[in-house]
Amino acid sequence: MKPGDFPAEVIEKLRSARSVAVLTGAGISAESGVPTFREAQTGLWARFNPEELATPAAFRRNPQLVWEWYAWRRQLVAQAVPNAGHRALTEFEQRIPEFTLITQNVDGLHQRAGCRRVIELHGNIRRTKCFEENVVVETWDETGEVPPRCPRCGGRLRPDVVWFEETLPPEALEKAIQAAQTCDLFLSIGTSTVVHPAASLPYEALDRGGMLIEVNPEITPLTGNARHSFHGPAGVVLPALLRAAWP
Ligand code: APR
């Protein structure tokens with residue numbers, strides 16, 4: 001993409017915005033080789049539905065299966081590195097007075113790209129918590145039992161991610177809504193915008209007069225509401241947008 005591919009009002013808005021909120025989804029990490037939730041149902045894991053692997057009921061039924069699936073995904077994430085899209089967003093953060101990055105991803109790649117103000121709506125796969133007490137656990141004894149046990153209460157350990165049927169961390173959601181409601185510009189990047197409540201954040205911005213821009217190779221339910229939609233990979237569109245706004 002070339003700087004001339006972006007409408008002047010987009011460039012103006014980026015340069016003059018006081019407050020920008022960004023929502024990212026699995027698409028921003030696609031170019032880092034992190035499979036999306038549904039793509040991760042491949043190989044050995046193809047015969048399971050997400051509902052069989054990512055719900056509290058699934059964990060109660062077969063904690064070993066769920067732990068092992070997340071261990072496999074954790075190892076994929078550990079091998080991945082941030083891409084040009086993550087890096088461009090970090091540069092946006094450095095140029096915009098108030099910048100809030102809200103992500104549905106659990107891979108931690110925005111932080112690894114140097115982004116400082118990140119709200120994780122769906123948790124982080126590298127963190128572990130106790131299934132019984134719902135508190136983060138940093139260390140535990142490896143006894144060979146899968147999943148391992150909480151050193152405090154003996155409950156089973158689980159990944160600190162939000163499963164289907166679970167509510168989002170209230171503080172993270174509150175901050176995300178506030179950022180969406182107060183921004184001049186909202187960017188929706190690499191998300192299908194079908195999973196709520198995250199998918200309603202762009203509408204919070206729209207309702208209060210924020211400009212909505214989408215970056216996604218595909219059309220989504222949000223596309224018709226966006227002032228501008230750039231249909232390309234985030235790793236191409238975002239660096240080009242950065243160069244166009246701050247040549
Ligand atoms: N750049 C930008 N967008 C991309 C790219 C790319 N290179 N590649 C794919 N996409 C887009 C797809 O077109 C799709 O719209 O990323 C989106 C990914 O959609 P989903 O897989 O539904 O991911 P997401 O929106 O993050 O899902 C939300 O649902 O599966 C649950 O909890 C999980 O956090 C996840 C939530």
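In this predicted model, helix α2 (residues 26-30) gives the most to the shell around the ligand, contributing three residues. The ligand is surrounded by 19 residues, of which A26, E31, T191, S192 and N216 are the closest.

A polar side-chain atom of S192 is placed 2.6 Å from a ligand oxygen atom. For A26, a backbone N or O atom lies 2.8 Å from an oxygen atom of the ligand, and for Q104 the corresponding distance from a backbone N or O atom to a ligand oxygen atom is 3.2 Å. Of the 730 Å² of accessible area that the ligand has on its own, the protein covers 82%.

The strands of the fold include an open sheet of six, in the order β3-β2-β1-β7-β8-β9, with parallel pairing. Strands β3 (118-120) and β9 (228-230) form the edges, each pairing on one side only. On average, neighbouring strands of this sheet are turned by 20° against each other, direction ignored. Within the sheet, strand β1 (residues 19-24) runs parallel to strand β7 (residues 185-189), and five bridges join the two. A21 has F186 as its bridge partner in β7.

Helices pack against these strands. Helix α6 (residues 84-95) lies across β1, β2 (98-103) and β7, and runs at about 150° to β2. Helix α10 (residues 234-245) also packs on the sheet, where it touches β7, β8 (211-215) and β9. The direction of α10 makes about 135° with that of β8.

Technical notes. Residues numbered from 1 in each chain as written. Predicted model: local features only at pLDDT ≥ 70, side-chain atom pairs only at ≥ 80, totals over all residues. Heavy atoms only, no water. Pairing = 2+ DSSP bridges. Helix = DSSP H or I, 4+ residues; strand = E, 2+ residues; numbered from the N terminus. Axes fitted to C-alpha atoms, helices over the stretch in contact; angles between N-to-C directions. Contact = heavy atoms within 4.5 Å. Near = heavy atom within 4 Å. Polar contact = N/O pair within 3.5 Å; in protein donor to acceptor, adjacent residues only side chain to side chain. Areas by Shrake-Rupley, 256 points an atom, 1.4 Å probe, with all protein chains shown as cover.
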